[in-house]
Amino acid sequence: MSGMSEAAAGIQPRERDIARRETLRQLAKSKTLIAGVLIVGFWVACALFGSTIAPDDPLELTDVVLAPPSGAHWFGTDALGRDVFSRVIVGASETLKIAPLATLLGIVLGTTIGLITGYFRGIVDESISRVIDAFLALPLIVLAVTALVGLGSSNTTLIIVIGVAFTPIVARTVRATVLGERELDYVDAAKLRGEGSGYIMFVEILPNITGPIIVEATVRLGYAIFAVAGLTFLGFGVQPPSPDWSLQIADNYQLLSSGTYWWTVLFAALAVSSLVVGVNLIADGLQQVLDR
Amino acid sequence: MIVFALAQLLPGDVGRNVLGPFASQEQVDRLNEALGVNRPLVVQYWDWISHFLRGDLGTSLQYQVPVSDLLGPALANSLKLAAVAFVFVVPLSIIGGTIAGLKRGGIIDRVITVGGLSLTAVPEFVTAIVLILIFGVTLGWLPVTATAPEGASIPTQIEYLLLPSFALVAVLFGYIARITRSSVMESVDADYTRTAYLKGLTRRQVVGRHVLRNSLLPTIAVVATQVGYLIGGLLVIEKLFNYNGIGQRIYTAAVNKDFLMLESGVMIVGVIYLVATFVADILYSVFNPRIRFQADG
């Protein structure tokens, strides 16, 4: 990225356009990226239009309890007689709201902190870095559970907790990139022109480090879905009666040991797996093209 | 350790949370008084941290027994589970990563990289459930619970721990293998490797003495940072398998708003992470003379 951004930082807007088009062309050729986009796109479409595609109301209770997969119920029904196929189709909608918003929050806060610490260095940098280290000593899920107990579980608190938990990690990545960038000539040039620190950070440096930030955002999105899934499974995330996949698994996994009723869990498990794998494929594809 | 000051600030009205919304304000105040939670936060924090350092974790609000009596055995159980997971994941992922790194771009490399990436991305409870379905329910090879019957022999205990630890292995494998792979690739390209080949060493000698030794360094660092993740994973896995470990304790404490136990549990997790990082630093310098000599000089 840095090689390209140096070129793009030049005065010629035409050159920058060419570089950008080249990056897009490479992105369009990446098989990993395309596979990821297709999978994630499928689930986004399901989340958006799922309620019209789904054959039954995902929340409707019926007398047909724990029916195995059949023509009427492709994926069977759960313990409350709800159609599993319909629930799987719309099962991503909640996660796909929370995870991107949490990621966005973490990226915005983390980028700001990373820019400030990386640009100013000195005592601000030192003290914030120590706090970041302390944060990183705790696994995300333990931190989130503790915070959610104190704040109570709702979609909003979930977004805030995950977003704030991501902030130090994003800040660390951005800071490392800024450290390299601030030594470059265009920063010195801006300083000589008498530009303020805020202008240099957000107008000069920020556009040149979008590559690493986009990669970081996709990686974080994967972790956000992972975190929402784990927290929901534990009962601290998305609350019933939402047809969320992890909630379906949490509700029904105890039926597994009997050996029957596998359909109440398996399809939701496959769905959530495919979504996180899809997001990670996107992250991987972007990384290959945008990094260096 | 600043984190724990944050954790202290979060709970809000402890007495109200313990007694529920129907208790009178007077009762709530009395409980708060008895627990000492109405004192200034700084005093509370100091009290708690100084007791913690002396090994006195206080009394569980929910069970009314010392927290250390509950967390001690739970920690031992968790360490057993984590040990089994590590025994599998470290050699597996180092071997996998090395093979992938040596056969870069080949089919085996693709399988290990993409497979590892997918396993890492999938939430551990999903992996665990698929494992239960395959090995526990369909094939019936392994027990689907984690706790062995009372007085079971050590091999039996380990057998019961296999399924939960495999779920943790699945998540960690891709990550560790990926780091090993990239550092193996780096050292394969390095000058000293070429020199070693030119000296006339066989491939086996070059890989064993030069490539592996140099590429294990970053792996050690990653394994240590994954200890932190591992404990996060324990929270979910122990709940899923109903295994009485530290994760399960933190979970129950969180559900029942047993703040003292929750804080102590979280604190222990933090301490374990710090210890793991410290051990990794030491190992790092043992394997890397450059750092060792720097420290001496």
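Is A:Ser246 buried or exposed, and how many other C-beta atoms lie within 10 Å? A:Ser246 is buried, with 28 other C-beta atoms within that distance. The model is predicted. Chain A has 13 helices and zero strands, and chain B likewise comes to 13 helices and zero strands.

**Chain A overall**

- Read along the sequence, chain A runs α-α-α-α-α-α-α-α-α-α-α-α-α.
- The C-alpha trace of chain A spans about 75 × 45 × 30 Å along its principal axes.
- Chain A has 292 residues, and 49% of them are buried.
- Take the contacts in chain A with a separation of 6 or more: residues 24 or more positions apart account for 72% of them.

**Chain B overall**

- The pattern of chain B along the sequence is α-α-α-α-α-α-α-α-α-α-α-α-α.
- Chain B has 297 residues, of which 39% count as buried.
- Among contacts in chain B between residues at least 6 apart in sequence, 67% join residues at least 24 apart.

**Where chain A touches chain B**

- Chain A brings 35 residues to the contact, and chain B brings 38 residues.
- On the chain A side, helix 6 (122-136), helix 7 (140-151), helix 11 (210-234) and helix 13 (263-290) each supply at least two residues.
- Helix 13 of chain A gives the most to this side, with nine residues.
- By class, the side of chain A that touches chain B has 26 nonpolar, eight polar and one charged residues.

**Helix 5 of chain A**

- Helix 5 of chain A covers residues 93-120, which is 28 residues.
- From its first C-alpha to its last, helix 5 of chain A reaches 41 Å. That is close to the 40 Å expected at 1.5 Å a residue.
- A:Arg121 follows helix 5 of chain A and has a positive phi, near 50°.

**Helix 11 against helix 13 in chain A**

- Two packed helices are described by the angle between their axes and the distance between the axes.
- Helix 11 and helix 13 of chain A pack at an angle of about 165°, with their axes 9 Å apart.
- Angles over 145 degrees count as roughly antiparallel, so helix 11 of chain A and helix 13 of chain A are roughly antiparallel to each other.
- The crossing of helix 11 of chain A past helix 13 of chain A is left-handed.
- Residues of helix 11 of chain A in this contact include A:Gly211, A:Ile214, A:Val215, A:Thr218 and A:Phe226.
- Their partners in helix 13 of chain A include A:Val272, A:Leu275, A:Val276, A:Asn280 and A:Gln287.
- By class, the contact of helix 11 of chain A with helix 13 of chain A has 15 nonpolar, five polar and no charged residues.

**Helix 11 against helix 12 in chain A**

- Helix 11 and helix 12 of chain A pack at an angle of about 30°, with their axes 8 Å apart.
- Helix 11 of chain A passes helix 12 of chain A in a right-handed crossing.
- From helix 11 of chain A come A:Ala229, A:Thr232 and A:Phe233. They meet A:Ser246, A:Leu247, A:Ile249 and A:Ala250 in helix 12 of chain A.
- This contact of helix 11 of chain A with helix 12 of chain A has five nonpolar, two polar and no charged residues.

**A:Ser246 in its setting**

- A:Ser246 sits in helix 12 (residues 245-252) of chain A.
- A residue counts as buried if 20 or more other C-beta atoms lie within 10 Å of its own. A:Ser246 has 28, so A:Ser246 is buried.
- Leaving out residues up to four places away in sequence, A:Ser246 touches A:Ala229, A:Thr232, A:Phe233, A:Gly237 and A:Val272.
- A:Ser246 and A:Trp263 are 17 residues apart along the chain, and their C-alpha atoms are separated by 14 Å.

**Two residues of chain B**

- B:Asn242 lies in the loop between helix 10 (203-241) and helix 11 (246-255) of chain B.
- B:Asn242 is not a glycine, yet its phi is positive, about 55°.
- B:Asn242 is exposed, with 11 other C-beta atoms within 10 Å.
- B:Ser68 lies in helix 5 (residues 67-102) of chain B.
- B:Ser68 is partly exposed, with 18 other C-beta atoms within 10 Å.
- The C-alpha atoms of B:Ser68 and B:Leu81 are separated by 20 Å, and the two residues are 13 residues apart along the chain.

Notes
Residues numbered from 1 in each chain as written. Chains lettered and ligands numbered in written order. Predicted model: local features only at pLDDT ≥ 70, side-chain atom pairs only at ≥ 80, totals over all residues. Contact = placed C-beta atoms within 7 Å. Helix = DSSP H or I, 4+ residues; strand = E, 2+ residues; numbered from the N terminus. Nonpolar A, V, L, I, M, F, W, Y, C, P; charged D, E, K, R; others polar. Expected span 1.5 Å × (residues − 1). Axes fitted to C-alpha atoms, helices over the stretch in contact; angles between N-to-C directions. Parallel < 35°, antiparallel > 145°, perpendicular 65-115°, else oblique. Left-handed = near helix turned anticlockwise from the far one by under 90°. Buried ≥ 20, exposed ≤ 12 C-beta atoms within 10 Å, placed from the backbone.
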